[in-house]
Amino acid sequence: MSQALPDTPIFRHFADLNAVPRPSKHEGRVIDFVMRFGESLNLTTKRDAVGNVLIRKPASRDGDRRPVVALQSHLDMVHQQNAGTNFDFATEGIRMRREGDWVSAHGTTLGADNGIGVATMMGILAADDINHGPLECLFTVDEETGMTGAKGLKLTWLKAEYLLNLDTEDDDELTIGCAGGVDMTVNGSYAAEAPEARITALRVTVKGLSGGHSGMDIHKGLGNANQLLVRLLLAAGEAGVRLSSFDGGSLRNALAREASAVIAVQDEAKFRELTAFAKTAIAVEYAETDPNFEIVIEVTAVPTTVLPQNLQTQLLRALQVTPHGIWRMSPTVPNLVQTSNNLARIKIADGEYEVLCLTRSSVDSEKDAEAAAIRGLYEMIGARVETGGEYPGWAPRPKSKLLDKMRDIYTNRFGESPKVNVVHAGLECGIIGAAYPAMEMVSFGPNIRGAHSPDEKVQVSSVEKFWGYLVEVLEAL
């Protein structure tokens with residue numbers, strides 16, 4: 001039975017925030033929500049041309065001579081929901097539940113990424129019992145699908161010497177660097193054909209995979225539904241498979257959890273035999289990472305069109321060899337993924353096909369090299385390839401006053417040293433740092449698991465730990 005949410009500043013504000021729909025690129029309502037919040041506190045509240053909101057709070061007590069500190073989080077959230085979950089992210093608030101020490105949502109992403117950061121900033125702005133210097137709370141938009149908020153940030157808007165980004169998902173880590181990224185979009189068209197006579201139509205679905213964040217979880221060896229479904233279709237080619245449609249994955253920054261294809265087969269029994277053999281092998285391979293992996297095969301209506309055989313072969317082979325996962329590990333930072341690609345989305349239907357990837361790297365030249373490899377692969381089969389949404393990485397500065405101070409506070413408070421790391425995910429710090437090169441930055445946050453998937457959850461005790469640590473940092477700066 002679900003328990004009530006904790007009655008703490010962060011979770012009270014998080015509940016209010018999660019009642020407001022806030023999909024990426026459609027943040028109008030949550031922008032108004034934050035604007036009203038700042039104005040209700042009689043604090044200077046501004047919005048820029050792209051939708052970012054800045055709320056300034058004067059120093060408490062005698063803190064005017066202390067450096068200005070910025071807190072930063074993004075307003076938008078990733079939409080993911082389980083198949084069969086009836087939910088509309090554009091109109092509904094998140095349905096939260098608490099089970100023991102964890103808060104999650106009913107069949108959808110929770111929005112703890114980065115809603116807990118937003119709620120924390122709201123708590124700091126509303127508090128009257130924290131000793132701090134001048135604060136700038138920056139709420140950015142569209143982090144998840146292009147970072148256009150950070151890219152559009154006014155160069156003269158912030159005055160802060162230090163910036164605390166509240167978008168990290170392990171409470172024992174201080175992050176000081178991140179990867180950059182680029183979106184890859186593949187498009188093509190074809191002259192659809194009528195299927196042959198005396199065939200059986202089947203809908204083949206791969207589901208039950210763990211999913212997750214395409215940067216933070218890319219190294220875990222999790223199953224990709226797009227890859228696995230392509231593998232199944234190729235493995236069963238002897239049954240006379242003709243592909244009619246393919247619909248797999250969703251967002252670029254989420255690992256594909258489900259994929260489905262409608263096919264026409266000449267020999268249904270042979271197809272089921274070959275698929276069962278492949279399913280057994282896959283289940284063994286992914287037993288640890290994706291124990292709920294499942295393949296569902298259902299008879300369906302015969303499609304009116306299929307892909308030309310030659311293109312079908314070329315496209316499935318191209319998808320088969322499209323890089324997914326780790327391209328290269330860092331030779332200098334232990335256990336850091338340096339470069340990767342996520343085969344995020346495949347859509348094939350009605351004479352058109354589209355493939356979406358997100359390529360990440362902390363080394364720009366290597367990111368460009370992997371993107372060029374993907375481009376070359378698809379151009380060889382006559383597809384159009386475009387890049388966009390590129391953003392820079394955040395170069396680490398391991399020798400900074402801010403990091404030294406935060407590391408000392410953490411060690412004294414918790415009796416152990418924090419992990420200081422660089423992450424293989426996109427953080428807005430890279431873009432903000434390019435605009436404000438003198439600003440020292442650290443990213444941190446509470447324990448969040450399963451971000452970008454319907455399994456997303458945030459740990460209650462970790463949020464309490466995070467709040468206490470943040471307050472002490474603000475009081476010390």
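**Figure 1. The largest cavity and its lining.** The largest cavity is lined by 14 residues, and Asp167, Glu169, His213, Ala425 and Leu427 are those nearest its centre. The structure is a predicted model, in which local features need pLDDT of at least 70 and side-chain atom pairs count only at pLDDT 80 or more, while totals for chains, interfaces and linings use all residues. Residues are numbered from 1 along each chain as its sequence is written, and side-chain values use heavy atoms, with hydrogens and water left out. A cavity is a set of points, on a 1 Å grid over the protein atoms alone, where a 1.4 Å probe fits but cannot get out; lining residues have an atom within 4 Å of a point. The space in the largest cavity amounts to about 120 Å³, a volume being the space filled by probe spheres set on the points, with grid points joined across faces, edges and corners. Five cavities of 30 Å³ or more are counted by this rule. The lining of the largest cavity comprises four nonpolar, five polar and five charged residues (nonpolar: Ala, Val, Leu, Ile, Met, Phe, Trp, Tyr, Cys and Pro; charged: Asp, Glu, Lys and Arg; polar: the others, Gly among them).

**Figure 2. The largest pocket, with a volume of about 680 Å³.** A pocket is an open set of grid points with protein on both sides within 12 Å along at least five of seven lines. Of the 30 residues that line the largest pocket, Asp170, Met216, Asp217, His219 and Lys220 lie nearest its centre. Strand 18 (419–423) and strand 20 (448–449) each contribute at least two lining residues; strand 18 gives the largest share, four residues. Helices (H or I, at least four residues) and strands (E, at least two) are DSSP runs, numbered from the N terminus. By class, the pocket lining holds twelve nonpolar, ten polar and eight charged residues.

**Figure 3. The crossing of helix 9 and helix 11.** The axes of helix 9 (residues 401–414) and helix 11 (residues 460–476) come within 10 Å and cross at roughly 130°. Axes are lines fitted to C-alpha atoms, for helices over the stretch in contact, and angles run from 0 to 180 degrees between N-to-C directions. Helix 9 and helix 11 are therefore oblique to each other (under 35 degrees counts as roughly parallel, over 145 as roughly antiparallel, 65 to 115 as roughly perpendicular and the rest as oblique). The crossing is right-handed, the near helix being turned clockwise from the far one by less than a right angle. Lys405, Met406, Arg407, Ile409, Tyr410, Arg413 and Phe414 of helix 9 meet Lys465, Gly468, Tyr469, Glu472, Val473 and Ala476 of helix 11, contact meaning heavy atoms within 4.5 Å. Seven nonpolar, one polar and five charged residues form this contact of helix 9 with helix 11.

**Figure 4. The crossing of helix 5 and helix 7.** Helix 5 (residues 225–235) and helix 7 (residues 309–321) have axes that come within 9 Å and cross at roughly 135°. Helix 5 passes helix 7 in a left-handed crossing, for which the turn is anticlockwise. Val230, Leu233 and Leu234 of helix 5 make the contact with Leu316, Arg317, Leu319 and Gln320 of helix 7.
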